[in-house]
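This report covers aromatic ring contacts and charges placed over rings.

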Amino acid sequence: MTETTDAKRPAVREEILAYYAQGKEDDRLREGGAPAGRLEFWRTQDVLRRLLPAAPACVLDVGGGSGVHAQWLAEDGYEVELIDPVPLHVEQAARIPGITVRAGDARELPASDAAYDVVLMLGPLYHLPERADRVRALAEAHRAVRPGGLVVAATINRFAQLHDLLREERYFIPLHRERTDAVLADGRHLHHEDGFFTVAHFAQPDEVPTEFAEAGLTVEGQYGIEGVAWLMDGVEDWLDDPDRRAAVLAASRRIESEPSLLGASGHLLTAGRRLP
């Protein structure tokens, strides 16, 4: 049964809250959305279904948005609790049967110690520009997961915006090119107007394991979500065809942990464990 509880307003930047208050995130990953979003969803689902313990395990979905992933996890038989700082997301997720929903911040989880088999962070890390905040959020995941439990976090790769704007031919616009190039130095994405993503950190793949380690987590693997398929002309038609979609997913799976290709993907999943 879905439940909502009140919590104090999270200390999330206003630009981020305003961006997600537009309500675009729910449609982005669902069937009928943009090709890159659908590929991200299917590949995230594919990787998680191989990593997660068998249902009914207890999953905390931190920054779970409107519940796109929580929904299929609950349908798979998992006990799912979703936490998100965006009021609209909490409202949307609360409509999904079988999950518990409440407001909260990844850096100060409203969760008991060692209460979950799995903690998912499929969004919070790339909205924390400061390294100390990312480590703090991972440390909170370490606290909330049981000894031996799994933590999986998503990051946006450093060159994702460069690749995306080249694909869309927006990189040829001088202002867009200037802002995109500025991100490449340190990963700090500060522009949130003119069709750009909101305030974020775009990480190098090798940054993430060091932050996991500082939070006490032992990394077990990294997985490029979209691989190189998201950049290819024709991917929309491929994803609309069930046979070709299966081939794209299989091809992406074959290269998902190839070190030389991790940074080509738009998003990266890093999986770690709290040691017993």
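## Charges over rings

Which arginine lies over the face of tryptophan 42, and at what distance from the ring centre? Arginine 245 does, and the distance is 4.6 Å. The model is a predicted one, and these distances are computed from it.

A further arginine, residue 170, sits over the face of phenylalanine 196. Its distance from that ring centre is 6.0 Å.

## Ring pairs

Searching the whole structure gives three aromatic pairs. In one of them, tyrosine 19 and tyrosine 20 have ring centres 5.0 Å apart. Their planes stand at 90°, which is over the 60 degrees needed, so the pair is edge-to-face.

Tyrosine 20 has a relative accessible area of 8% and is therefore buried. Tyrosine 19, at 25% relative accessibility, counts as partly exposed.

Tyrosine 19 also pairs with phenylalanine 197, with ring centres 5.4 Å apart. The planes of tyrosine 19 and phenylalanine 197 are at 90°, so this pair is edge-to-face.

## Placement in the chain

Tyrosine 19 belongs to helix 1, residues 14–20. Phenylalanine 197 is in the loop between strand 6 (188–189) and strand 7 (200–203). The pair therefore ties together parts that are 178 residues apart in sequence.

Ring pairs join Tyr19, Tyr20, Tyr126 and Phe197 in a cluster.

Conventions
Residues numbered from 1 in each chain as written. Predicted model: local features only at pLDDT ≥ 70, side-chain atom pairs only at ≥ 80, totals over all residues. Heavy atoms only, no water. Phe/Tyr/Trp six-rings, centres within 6.5 Å; stacked < 30°, edge-to-face > 60°. Buried < 20%, exposed > 50% of the residue type's maximum accessible area, 1.4 Å probe, protein only. Helix = DSSP H or I, 4+ residues; strand = E, 2+ residues; numbered from the N terminus. Lys NZ or Arg CZ within 6 Å of the ring centre and 35° of its normal.
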